[in-house]
Amino acid sequence: MKATAKAHPIQGLVKYHGMRDHDARYPYHDSISVCTAPAHTKTTVAFDESREADAYVIGDEDVTGRGAERIESVLDEVRERAGIDTRAKLVSENDFPTNIGLGSSASGFAAAAVAACEAAGLDLSHPEMSTIARRGSASAARAVTGGYSDLGGGLSDAECRSHRIEAAENLEEDTRIVIAEVPAYKETQAAHDEAEESHMFDARRVHVEDQLATMRDALRAGDRERVFETAEHDSLSLAATTMTGPEGWVYWQPETLAVFEAVRDLRESGVPAWFSTDTGATVYVNTDADHVDDVEEAIAATGVDTRVWEVGGPARILDDGAALF
């Protein structure tokens, strides 16, 4: 009863904000993201009859408190569906920086859910497993299905699950994502907890429906400009809502704004590039394979470290030899 899974983090394209139900993690509305590779989380889960308690290790550190509770919610759902009460050991590692706005919780809970399902002997589809991953992080549901994925905003597992959007081939093969790393600690959960207290929250909920429709149409049509222009606009909308909550969360740093200006300068010079942020200071700069070098050079000139990612696939089970313990 042991398995290892690999999942890619996500970049939110049309992001959810706030939760109808914080336990089941039902967002207020649909959301769309793209998985980013080769960045990944690898997780091994083993159910062991001899264990008296669960144990969780991420990056060589024991996980306790709220982090452990979120992992337990995923494992408990797997145990309930498998009809077992066996305790488990979970060990996970990321090959990219965490907690700076690069979707590590998405890949982490996606890998945990897929590995746990395999270890418990469950035979589930990716959309079905996405409802389990969602209990740890709503974004993890989309990391399970991979590529460009759409998470429904319903109030049941039948509705609040992720499915893959069949995006045009050029958006799957030619998209390049320049990561502008701005290391700054973030509190994503806190922002979600108070989202609906912003005076802009209701306006965003209405506006986001048009964003979702535009994004789905642009992805299927292969319209890169519309896809990433919409993602850029959504990032600004999300930040406005976050910054106008009770705590006035401001995640952007001076380096973040410098990258924004560099991207706008690139567009002025004819280079297709659009910025995007999730809840954090780090910036995704979306472009194509023909212009990625120009974009990376311009971002590096701001003094920010960069790396280049592509579109990643769904979470998957790895061979036994890849196990972390």
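Visitor: Where is asparagine 99 placed?
Guide: In this predicted model, asparagine 99 sits in the loop between β9 and α2.

Visitor: Which residues does the cis peptide bond join?
Guide: Alanine 37 and proline 38, with omega at about 10°. Proline 38 is in the loop between β5 (31-37) and β6.

Visitor: On to the sheet. What is the strand order?
Guide: The order is β8-β7-β9-β6-β1-β16, in an open sheet of six strands with mixed pairing.

Visitor: Which strands are at the edges?
Guide: β8 (61-62) and β16 (316-317). Each has a single partner strand, so one side of each has no neighbour in the sheet.

Visitor: How many bridges join β1 to β16?
Guide: Two, and the strands run antiparallel; β1 covers residues 2-7. Lysine 6 has arginine 316 in β16 as its bridge partner.

Visitor: What does helix α1 touch on the sheet?
Guide: Helix α1 (residues 65-82) touches β6 (41-47), β7 (55-58) and β9 (88-94). The direction of α1 makes about 125° with that of β7.

Visitor: And which strands does α2 touch?
Guide: Helix α2 (residues 104-119) packs on the sheet against β1, β6, β9 and β16. Its direction makes about 35° with that of β6.

Visitor: Different topic. At what angle do the axes of α7 and α8 cross?
Guide: Roughly 165°, and the axes come within 9 Å. Helix α7 is residues 201-221 and helix α8 is residues 224-243. The angle is over 145°, so α7 is roughly antiparallel to α8.

Visitor: Left-handed or right-handed crossing?
Guide: The crossing of α7 and α8 is left-handed.

Visitor: Which residues make the contact?
Guide: On α7 they include Phe201, Val208, Met215 and Leu219. On α8, Val227, Ala231, His233 and Leu238 are among them.

Visitor: How many are nonpolar, polar and charged?
Guide: The contact of α7 with α8 has nine nonpolar, seven polar and four charged residues.

How values were computed. Residues numbered from 1 in each chain as written. Predicted model: local features only at pLDDT ≥ 70, side-chain atom pairs only at ≥ 80, totals over all residues. Heavy atoms only, no water. Axes fitted to C-alpha atoms, helices over the stretch in contact; angles between N-to-C directions. Helix = DSSP H or I, 4+ residues; strand = E, 2+ residues; numbered from the N terminus. Parallel < 35°, antiparallel > 145°, perpendicular 65-115°, else oblique. Left-handed = near helix turned anticlockwise from the far one by under 90°. Contact = heavy atoms within 4.5 Å. Nonpolar A, V, L, I, M, F, W, Y, C, P; charged D, E, K, R; others polar. Pairing = 2+ DSSP bridges.
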